[in-house]
Amino acid sequence: MKMAALGVDLRVVLWVREFLVGHTQRVRVGGQLSKGVKVTSGVPHGSILGPLLFLVYVNDIWRNIDSCIRLFAEDCMIYRKITNKNDTEKLQKDLDTLGEWAVENGMKIYPRKSKAVRYTRARIKNPLGYFLGDQKIPEASSCKYLGIIIRSDLNWVDQVNCLVQKAWMVFHFVMLDLKKGNRNTKSLAYTPLVRPVLEYGVACWDPCRGQINML
């Protein structure tokens, strides 16, 4: 239905429908197989169409949302500038809309896996009280989005320390594995395995901290 609403050729819609309908699944334990059970939702595991169909399915989650919303794969971030109580109520209303969308589309959004983060310079901060359904969204001082740790004070020390630790672990493994290798071999391993870790989100590096030299 969603593909048809997007104007996709009806022949493609019917082809995808035949691809999704009629699947069964079984579980093997040792040499024994369970009885087949019909699969009534989702896509075949490991299918090439799986990610694309998922994006088509969630592509309308932004409808009727007044706040800013960002989607990347299964990650969803919603935010807005809060200057008064009315802004708070608008954000909560949009969260309610997200919850309604999830129910209508047979999906689950887990409040415990979500975080409510406030970005402000104010010293006195009232507790955040946003809800998703009947569950309160946990308040946090930072969140990780697309591999970048964003703190409420916009200090990047957590992101920098995380990358340093991750890069050091990869570097240690590479050097241990290539202990007897020559300098050229180690350099060839370092360039594709260690350096990309340090370069991801490189704009977050704080030069004054002196923790890395990218030259």
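**Entry 1: R17 and E18**

I started with R17, which pairs with E18 in a salt bridge whose closest N and O atoms sit 3.5 Å apart. For my notes, a salt bridge is a side-chain nitrogen of Lys or Arg within 4 Å of a carboxyl oxygen of Asp or Glu. This is a predicted model, so local features need pLDDT of at least 70 and side-chain atom pairs count only at pLDDT 80 or more, while totals for chains, interfaces and linings use all residues. Residues are numbered from 1 along each chain as its sequence is written, and side-chain values use heavy atoms, with hydrogens and water left out.

The cut-offs are under 20% relative accessible area for buried, over 50% for exposed, and partly exposed in between (1.4 Å probe, protein chains only).

**Entry 2: R80 and D66**

Next I looked up R80, whose side chain meets that of D66 in a salt bridge (3.2 Å, N to O). R80 is in the loop between β6 (75-79) and α4 (85-104), and D66 is in the loop between α3 (50-58) and β5 (68-72), so the pair ties together parts 14 residues apart in sequence. Helices (H or I, at least four residues) and strands (E, at least two) are DSSP runs, numbered from the N terminus. D66 is exposed, with 54% relative accessible area. I also noted a network of salt bridges that links D66, R80 and D94.

**Entry 3: R151 and D158**

I then checked R151, which forms a salt bridge with D158 at 3.6 Å, N to O. D158 came out partly exposed, at 28% relative accessible area.

How many salt bridges does a search of the whole structure find? I got 9. Side chains of opposite charge can pair when their charged atoms come close.

**Entry 4: the whole chain**

Stepping back, I counted 7 helices and 10 strands in the protein chain. Of its 215 residues, 22% count as buried. The C-alpha atoms fill a box of roughly 60 × 55 × 40 Å, taken along the principal axes.

I looked up the radius of gyration too, taken over C-alpha atoms. The protein chain has 23 Å, whereas a compact globule of 215 residues would have one near 17 Å; that globule rule is 2.2 Å times the number of residues to the power 0.38.

Last, contacts (heavy atoms within 4.5 Å): among those between residues at least 6 apart in sequence, 45% join residues at least 24 apart.
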